[in-house]
Structures are given as C-alpha cells and as structure tokens.
Amino acid sequence: MNKRDQYRETAKEIAAVLDGETNLTTRMATVSNILHHAFEHYFWTGFYVVDPEKPGELVVGPYQGTLGCLRIPFGKGVCGTAAATGETQIVEDVHAFPGHIACDARSASEIVLPVVDASGTLIAVFDVDSDRKAMFDETDREGLEAILRASFAS
Ligand code: SME
C-alpha cells in the first residue's frame, strides 16, 4: 500500500476507535498509539499540549517512543516554532535546524503540526520524529492534517 492510502486507512481506524469518546487525553493517547504502530518510519510520536497554567509553554502529553523533554517554550525548537507560527514544520535534518531541542540524539528528521479545537484555538502540537533523515513530505502533512482535523476540530 502506498503512503497516501496507508494514511486513509489509518484515519478510518482512528475515527472508528474514537467514535463517541470525548475525553481529550484519551483521544490524544489513541491517535499517537495508532499512528506510531501504523508507520515504520515513526520513531517518536506524540503531543505537546499548551499548558493552561503557563500560556506560552508546551508540556509533553500522550506519546509513544523514548523519553521526551517535558517542557518546550513557544518559539523554541521545531515544536515551539509550530506553536508560535501556527504552521506545520517539516525538517529534513533536525541537527541543522537552529534551536532544535534534542530530546533523543537519534532523532534525525521530523514533522510538527499545530492542533486546533473546533473554535480554532491552538490546544497542542503533534510531533513525529524519525531516526532517519528526510522521512516526512507533503503526503505525511496531508495525511496528518486530515487526522488531526477529524480528531480534534470537529
Ligand atoms: N524535536 C523537538 C523536541 C521534541 S522531541 O523530539 C520529542 C523540537 O525541536 O521541537
């Protein structure tokens, strides 16, 4: 199966499992679990949520993979850049990204997408790292944007 079809199938599986579930932590845990196990190029998969007690700071949420950093200020690293700009970041070589935060030195490339709720408010970013360079492209962006929209903004 090509990657686009794999994202479509995974989106259906996520929608079926989440049907009727309203708890946000449960939804984030399920999205990170299913995606992490669906794609062979995923090394670290999860959410950094906007901390309600410290606006302007992300705190790690549900994830799969090796130990993640606990907190990332808006504007710092790839996750903080996605949060500050509201734009998806695709980084082919994280070691060449200014201010990249290395939680695990094996991370080599990544994609980070803003996650908004139904009102359009930023609630988190979704971060996927690979241990190989240049593993994320427009197909990952489209597939993940559709899954995050369906899971958190509708
Ligand atoms: N690479 C991220 C930090 C988070 S971890 O990789 C789990 C960044 O620079 O935002």
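User: Hi! Which residues lie nearest the centre of the largest cavity?

Analyst: Hello! This is a predicted model, and in it Ile101, Cys103, Glu110, Asp127 and Asp129 lie nearest the centre of the largest cavity. The lining has 19 residues altogether.

User: How many cavities of 30 Å³ or more does a search of the whole structure find?

Analyst: The search turns up 1 cavity of 30 Å³ or more. The volume of the largest cavity is about 170 Å³.

User: Which elements supply at least two residues each to that lining?

Analyst: Strand S1, helix H3 (77-85) and strand S6 each do. The largest share comes from H3, with 3 residues.

User: And by class, what does the lining of the largest cavity have?

Analyst: There are 10 nonpolar, 5 polar and 4 charged residues in the lining.

User: Let's go to the ligand. Which residues are around it?

Analyst: Trp44 and Tyr48 are there, along with Ile72, Gly77, Val78 and Cys79, and then His100, Ile101, Cys103, Glu110, Asp127 and Asp129. Among these, Ile101, Cys103, Glu110, Asp127 and Asp129 are the residues that lie nearest the centre of the largest cavity.

User: How far is a nitrogen atom of the ligand from an N or O atom in the side chain of Glu110?

Analyst: That distance is 2.8 Å for Glu110. For His100, a ligand nitrogen atom is 3.3 Å from an N or O atom of the side chain.

User: What about Asp129, which kind of ligand atom is involved there?

Analyst: For Asp129 the ligand atom is an oxygen, 2.6 Å from an N or O atom in the side chain. Asp129 also has a link to Glu110: Asp129, in S6, is the bridge partner of Glu110.

User: Which way do S1 and S6 pair, and over how many bridges?

Analyst: S1 (residues 44-50) pairs with S6 in the antiparallel sense, over 6 bridges. One place to look is Tyr48, which stands opposite Val125 in S6.

User: How many bridges join S5 to S6?

Analyst: S5 and S6 are antiparallel and joined by 8 bridges. Besides Glu110 with Asp129, you can find Ser109 opposite Ser130 in S6. S5 and S6 make a hairpin with 5 residues between them, and in the turn Gly120 has a positive phi of about 90°.

User: Is S5 mostly covered or mostly open?

Analyst: Mostly covered, since 6 of its 8 residues are buried. S5 also pairs with strand S4 (residues 89-91), antiparallel over 3 bridges. In that pairing Gln89 stands opposite Val112 in S5.

User: Switching to pockets: which residues line the largest one?

Analyst: Its lining is made of Gly86, Thr88, Leu113, Pro114, Val115, Val116, Glu145, Leu148, Arg149 and Ala153. Strand S5 (109-116) and helix H4 (138-152) are the elements that give two or more residues to it. S5 has the largest share, 4 residues.

User: What's the volume of the largest pocket?

Analyst: About 170 Å³. Its lining divides into 6 nonpolar, 2 polar and 2 charged residues.

User: Is Ala134 buried or partly exposed?

Analyst: Ala134 is partly exposed, as its relative accessible area is 42%.

User: Last one, where is Leu58 found?

Analyst: Leu58 is in strand S2 (residues 57-64). Leu58 is buried, with a relative accessible area of 0%.

User: How far apart are Leu58 and Val125 in sequence and in space?

Analyst: They are 67 residues apart in sequence, and their C-alpha atoms are 8.3 Å apart in space. Val125 is the S6 residue that Tyr48 stands opposite.

Key:
Residues numbered from 1 in each chain as written. Predicted model: local features only at pLDDT ≥ 70, side-chain atom pairs only at ≥ 80, totals over all residues. Heavy atoms only, no water. 1 Å grid on protein atoms, 1.4 Å probe; cavity = no way out; pocket = protein on both sides within 12 Å on 5 of 7 lines; lining within 4 Å. Points joined across faces, edges and corners; volume = space filled by probe spheres on them. Nonpolar A, V, L, I, M, F, W, Y, C, P; charged D, E, K, R; others polar. Pairing = 2+ DSSP bridges. Near = heavy atom within 4 Å. Polar contact = N/O pair within 3.5 Å; in protein donor to acceptor, adjacent residues only side chain to side chain. Buried < 20%, exposed > 50% of the residue type's maximum accessible area, 1.4 Å probe, protein only.
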